[in-house]
Amino acid sequence: MRTCTVCGAQAKDNQNFCLECGNTLQPLPASKEQQALDHNQQPTPQKNLVKTPMKKSTKILLGVIAGLAVFIGIAHFIIESTLDPSKQLSELNKAFVDENYSAFTSSFTFPKGTIVDEKAFYTYLEENNWQHDIRDELKDRIEKIKSDDFIDPILDSNDNKLITVKEESFLLFYKKVVFQVNPVRVKASTNIDKVTISYGDSFEDVIGTKNKSIGKFAPGNITFKVNLKDDYFEQEIKQKHSIAGNGKNKTEIYFDFEEQLVTLTSDVPEAIVFINGENTKKTAEEISLFAAPLDGSVEIYAESEDANGKKVKSEMLALKAEDSHIKYGAIQEQKQKEEKKKEAVEAAEDFLDSYSEDARDLYYAFRDDYSYAVNQANFDYVQRYFIHNSQLQKDYVEFVVDHQNLGYYSYNFVSNEITDIQPLNEKSLTVDTIEIFEFYSEEDGTWYYERNKRYVVELVNSELRISGITDTADVKKKLID
């Protein structure tokens, strides 16, 4: 061991400088053999030679240089380790497995101005099979960099350029592998003239009905904040859109506000609309609402004048998405009546279409069987044509059976003709006829009859029955014999 002649610190045999003060240490005494050798090789020293001591500043400088060399060596080792591409990929994959969206996303580089949603970007790569396809392709690109091969971009499932692997200069003397994400250029439009959309603090723009470029986005499902403002209301909503290229790293998104867009209508088109008690001085047709809350909290009514100049107020409308029509009670009542009438007419027309031929057949069959019934005074022939126990059935039973008291008589049905069939309601129709027959009796002789009748045919328990028979004109008759 040696002792520093300046500060007294102990030094090891292989040290040339004192680690405490930087002083140059005296060399170790040589062995006798070495001393003899040195004596023969070295010139005879001059007498009275005096060694000049090293300045303190020089000692400090040498210490600094030595320390700096050590620091540079350590820094070089750390930088080389940090820039190892395999280590970069390993740390990137660890962030993915840990679902550390921030660390994962920060391991990539993005072109200046790219809007990035960390979780959305992470999820997009997960959906594109990061664990196998993308990670394996990154390994392949790293190997190609080592061999100076051509590096083609990694594509996503839509054939968009997703990630480009390349080398960049780092701290002048180093090369660093970077994973650069190729963003998607986005155009946007909406069905409302002017709408402000934004994402966090990094993006805000105004879009309209025509496509407009809104910037570059990292792929993924992005939730935009939307500010809607019309002449009367303002509200903020959110809409999520998928940012995924069309094969050329471009896409178009559409902000649909159909549910928010309210078009007011009124039973009285010229009526003036009031919103939450405030006179808009506009008719329903002149008002467009797309920022109003549709939860029933907005109250709307209208005022108009009747024929006498008296103000008439509409019903109150609590605004909801499914109802934006301003109603007037009297008008609505009339509309309901007209609607019911229209529905009844339509139902009757449907019934006519379905049963007119059946009613025609029923009538001719009835007249044939009725000829037997009256000539034989037996109602059984026609009983099935009437509604059971109806007054019409009872009247015809009485009429037919009373023929038993007439003595000798006969009916000759000359012709039965249907002139018209019309719907009556949703389950019945009318059959207009002209019936010509001759009636003979011993007492009165032969008479000619011509009758215009209307039969009401009704659907009862899925069967057509006659529910009414009336004359529609005066009976024509004359004695012919």
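**A walk through the predicted model**

Aspartate 140 is partly exposed, at a relative accessible area of 33%; that class lies between buried, under 20%, and exposed, over 50%, with a 1.4 Å probe and protein chains only. Arginine 141 counts as buried, at 4% relative accessibility. The side chains of these two residues meet in a salt bridge, 3.3 Å from N to O. A salt bridge here is a side-chain nitrogen of Lys or Arg within 4 Å of a carboxyl oxygen of Asp or Glu. Side chains of opposite charge can pair when their charged atoms come close. The pair belongs to a network of salt bridges that links Glu137, Asp140, Arg141 and Asp152.

This is a predicted model, in which local features need pLDDT of at least 70 and side-chain atom pairs count only at pLDDT 80 or more, while totals for chains, interfaces and linings use all residues. Residues are numbered from 1 along each chain as its sequence is written, and side-chain values use heavy atoms, with hydrogens and water left out.

How confident is the predictor? The mean pLDDT of the protein chain is 86, and 84% of its residues reach 70 or more. pLDDT is the predictor's confidence in each residue, from 0 to 100. Over residues 75-82 the pLDDT is below 50, and this stretch has seven contacts in the model beyond near neighbours in sequence. A contact means heavy atoms within 4.5 Å. Where pLDDT is low, the predicted coordinates should not be read in detail.

Now the overall build. The protein chain has eight helices and 26 strands. Both are DSSP runs numbered from the N terminus: helices are H or I, at least four residues, and strands are E, at least two. Of the 481 residues, 36% count as buried. Among contacts between residues at least 6 apart in sequence, 53% join residues at least 24 apart. The accessible surface comes to about 30300 Å², and 48% of it belongs to carbon and sulfur atoms. Such areas come from the Shrake-Rupley method with a 1.4 Å probe; for residues, only the protein chains shown count as cover.

The largest nonpolar core has 42 residues; Ile214, Leu228, Phe255, Leu264, Leu289, Ile300 and Leu319 touch the most other members. A nonpolar core is a set of buried Ala, Val, Leu, Ile, Met, Phe, Trp, Tyr and Cys residues joined through side-chain atoms within 4.5 Å. Strand 10 (residues 220-229) gives the largest share of this core, four residues. Apart from this core lies another, of 32 residues, including Leu352, Val382, Phe439 and Ile469.

Leucine 319 shows what such packing looks like. Beyond neighbours within four places in sequence, leucine 319 is in contact with residues including Val262, Leu264, Leu289, Pro293, Val298 and Ile300.

Back to charges. The structure holds 13 salt bridges. One joins arginine 367 and glutamate 435, with the closest N and O atoms 3.2 Å apart. Arginine 367 lies in helix 7 (residues 329-376) and glutamate 435 in strand 23 (residues 428-441), so the pair ties together parts 68 residues apart in sequence. Both arginine 367 and glutamate 435 are buried.

Another joins aspartate 471 and arginine 451, whose closest N and O atoms are 2.8 Å apart. Aspartate 471 sits in strand 25 (residues 463-471) and arginine 451 in strand 24 (residues 445-460), 20 residues apart. Aspartate 471 is partly exposed, at 37% relative accessibility. Arginine 451 is partly exposed too, with a relative accessible area of 23%.
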